[in-house]
2 protein chains.
Amino acid sequence: VVDLLREELHGSVTDPVAASMNFLNEIAGRYPDAISLAAGRPYEGFYRTEDVGRYLDVYTGYLRQQGIGEERVRRTVMQYGRTNGFIHDLVARMLAVDEGIHVPADAVAVTTGCQEAMVITLRGLFRPGDVLLAAAPCYVGITGAARILDIPVAPVPEGPDGLDPAEVARVAARVRATGARPRALYLVPDFANPTGSQLPVPRRHQLLRVARDEDLLILEDDPYGLFGVTPHPKLKALDTDQRVIYLGSFAKSCFPGPRVGFLVADQAVVDAAGRRTLLAHELSTVKSMLTVNTSAVAQAVIGGVLVESGCSLRAANRDKIAFYRRNLSGLLAALGRYLPAGVASWNVPAGGFFAVLSTPVRADVELLTTSAREYGVIWTPMSFFYPDGGGEHAIRLSCSSLTPDDLDEAVRRLAKLLTAMS
Amino acid sequence: VVDLLREELHGSVTDPVAASMNFLNEIAGRYPDAISLAAGRPYEGFYRTEDVGRYLDVYTGYLRQQGIGEERVRRTVMQYGRTNGFIHDLVARMLAVDEGIHVPADAVAVTTGCQEAMVITLRGLFRPGDVLLAAAPCYVGITGAARILDIPVAPVPEGPDGLDPAEVARVAARVRATGARPRALYLVPDFANPTGSQLPVPRRHQLLRVARDEDLLILEDDPYGLFGVTPHPKLKALDTDQRVIYLGSFAKSCFPGPRVGFLVADQAVVDAAGRRTLLAHELSTVKSMLTVNTSAVAQAVIGGVLVESGCSLRAANRDKIAFYRRNLSGLLAALGRYLPAGVASWNVPAGGFFAVLSTPVRADVELLTTSAREYGVIWTPMSFFYPDGGGEHAIRLSCSSLTPDDLDEAVRRLAKLLTAMS
């Protein structure tokens, strides 16, 4: 059977991005004392194990307060349920309160994390011959989802202010010239992973115009939007032409354990029976074939967070927002303090978990191994985020999961490495 | 945007099986007083809302007992985690205790329900030109998963004793003659959905021989195996040639709310770096692109059930097993009591949730609508389980979710309908 499977698995299951991420995990495992500027996971200091059960109780208590009988409460959290979930109304209220996004609850589909929301959206909307445009460098989750579904991705190079809408139009035209159809653009407008860039407001309006002119949908992914200095309006809040599908995550604003995300697809469509319905409803067919429905237990936990916060994660996250902003400032200050001129430069994001450092040194896996082994610090080569090559002299720095002291020490070690190699 | 999306969605997202299931849900919604012999969900009488939080506490308590510190306990249930899950060791122990399946824990991947296990397995193993063989009639989850991934399905007609291994070989040869490759066979050997059939032991051995001779993998799906009179050895327990990938669900043996399932893939493979590893590990790449990892909260709840039961769901389910056996006997007895000769015949499954009734009456959606509206009983046309046509004169009866009294009354109503229509 080894021989039977050997050739099969290569080049299909094995993916360069996955291989890169595996390599990072291995390095972290091999050098457990190295401080990680690679991990983009949220800081755990705000978490308490007992909160999980408490949120569950808050949500079931909320159902009972609504006059829902014990039998239905039990059914809600323990039985199979509605494909698009049961906390969609709370999510819709949260979007209205926090983001000024006003959509009917039925336009919200609760998903098994944002990753499933991406897979559902791509599978539901893309036909053979369709191409996904994506900011380059790009979050590995979307390129992974596209790969699983054999959807080609056309990179749109990002500048210091994020995507240039004119460049989006150029790439769309180039794709169209090959006979393919540019179906949608994926981007993280607020504090992108990996660059930390935030799309300026005028560009948001321009991008929506380009989407209309080029007949593109926009997949707006927003895991970090809360964690910034100046909130910009979401593309979905500016979307008068139903061009935007909004992809949401609770991993950072609540915690990752439940694995709950969502998509907002309020586009009016006509179903197979000729009835007018919402795109989110039609996409539920895809969801039913991937995971049937999102874990009811997990939804109840996130429901508890939403109920307890009055459906404002912006309010509930005040301390986390302050923490992440302090960490980002700390990262940028430490870079200034420890890195001599000529050794590196870096961008100055206005929020989020990431910044990018550029250096004349070749930031490859060999340097990373040396860094972990001899300097006790781990980071992510930016080349991991360019499936078609690029980023060879850049490093993604993540400041989300460390205490301020560890963050400072990590940058000191990184500076030592880069100074020695320069 | 309506026009933009209208044509796109049809024939791709909209799926005949999904349309059928939607129709069933609509009928159930429109006639809420009709008793449902259609719903295959588990009986809720065994559930208590407060058990969810309790199982969570049992699992975290178990971790602490193992000497795991509070910080790691918190990280386990609240943070991102290992792609293939963290209760894989408990699942492996359960498989050894309950089923005599002995595999290393690393061969178990915990998934977002069994549905995701199917998608992962198909995506990981199938190339263009590969065909999935599946018992016909067939569980809609696997045909849905194949559809999402554009994998063609070749039906293998089932007889009263389930699949005939010689027929599997014939269909495999026929597929091969078209230039395609029969890659794997999907089946539910114990109390299949929809037929309730159980594969006799000699046929299990024959099927494994056919798999070897025809170079097929076997996907053994086992959601109902616990609920029978005579447990037969699983194909995976007889699998000396690493031909079988076992697909498991906790929806019936625990409860559906967590949405936790698993796959067992202990096949030895060689990874991209040339290292020997297990297929489950290689499949984790696919999983990472679908859902990143299975809900940690949900895993902890199922972990609690496993810990509390000493990793024997067979022991933990004694009452449920008795209940479902009583319900199945009750269903079969009621059929005998209420249905006059010539109006219908039915099979006599030895366990599980389902039985199939055959009738000269055409059991289509029109009859179903009449049945719900005028006779107050809902059931599933068997034609829903034949994507390529068939089952026009058969009905799937589910006995899992009703009390014995409701079950009896439902059969009485069904008999009235069929007698009137004959």
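**Interface and symmetry of chains A and B**

Arg75(B) and Glu44(A) join their side chains in a salt bridge, with 3.0 Å from N to O; the term denotes a side-chain nitrogen of Lys or Arg within 4 Å of a carboxyl oxygen of Asp or Glu. The rule finds six salt bridges across the interface of chain A and chain B. This is a predicted model, in which local features need pLDDT of at least 70 and side-chain atom pairs count only at pLDDT 80 or more, while totals for chains, interfaces and linings use all residues. Residues are numbered from 1 along each chain as its sequence is written, chains are lettered from A in the order in which they are written, and side-chain values use heavy atoms, with hydrogens and water left out.

**Extent of the interface**

- Chain A contributes 84 residues to the contact and chain B 85 residues, where contact means heavy atoms within 4.5 Å.
- About 7,500 Å² is buried between chain A and chain B, and carbon and sulfur atoms give 63% of this area; buried area is the accessible area (1.4 Å probe) that two parts lose on being put together, summed over both.
- In chain A, the most area is lost to chain B by Met78(A), Ile148(A) and Met289(A), together 11% of what that side buries.

**Polar contacts and composition**

- Between chain A and chain B, 34 residue pairs are in polar contact, both residues being at pLDDT 80 or more. A polar contact is a pair of N or O atoms within 3.5 Å; within protein, one must be able to donate a hydrogen and the other to accept it, and residues adjacent in sequence count only if both atoms are side-chain atoms.
- With seven residues, helix H10 (residues 279-290) of chain A gives the most to the side of chain A that touches chain B; helices are DSSP runs (H or I) of at least four residues, numbered from the N terminus.

**Symmetry**

- Chain A is superposed on chain B by a rotation of 180° with 0.0 Å of shift along its axis (RMSD 0.0 Å), using least squares on the C-alpha atoms of residues with pLDDT of at least 70 in both.
- The two copies are thus related as by a two-fold rotation axis.
- Gly53(A) has the C-alpha nearest the axis in chain A, 2.7 Å from it.
- The copies meet through the same surface, because 100% of the interface residues of chain A are also interface residues in chain B.

Notes: Helix = DSSP H or I, 4+ residues; strand = E, 2+ residues; numbered from the N terminus.
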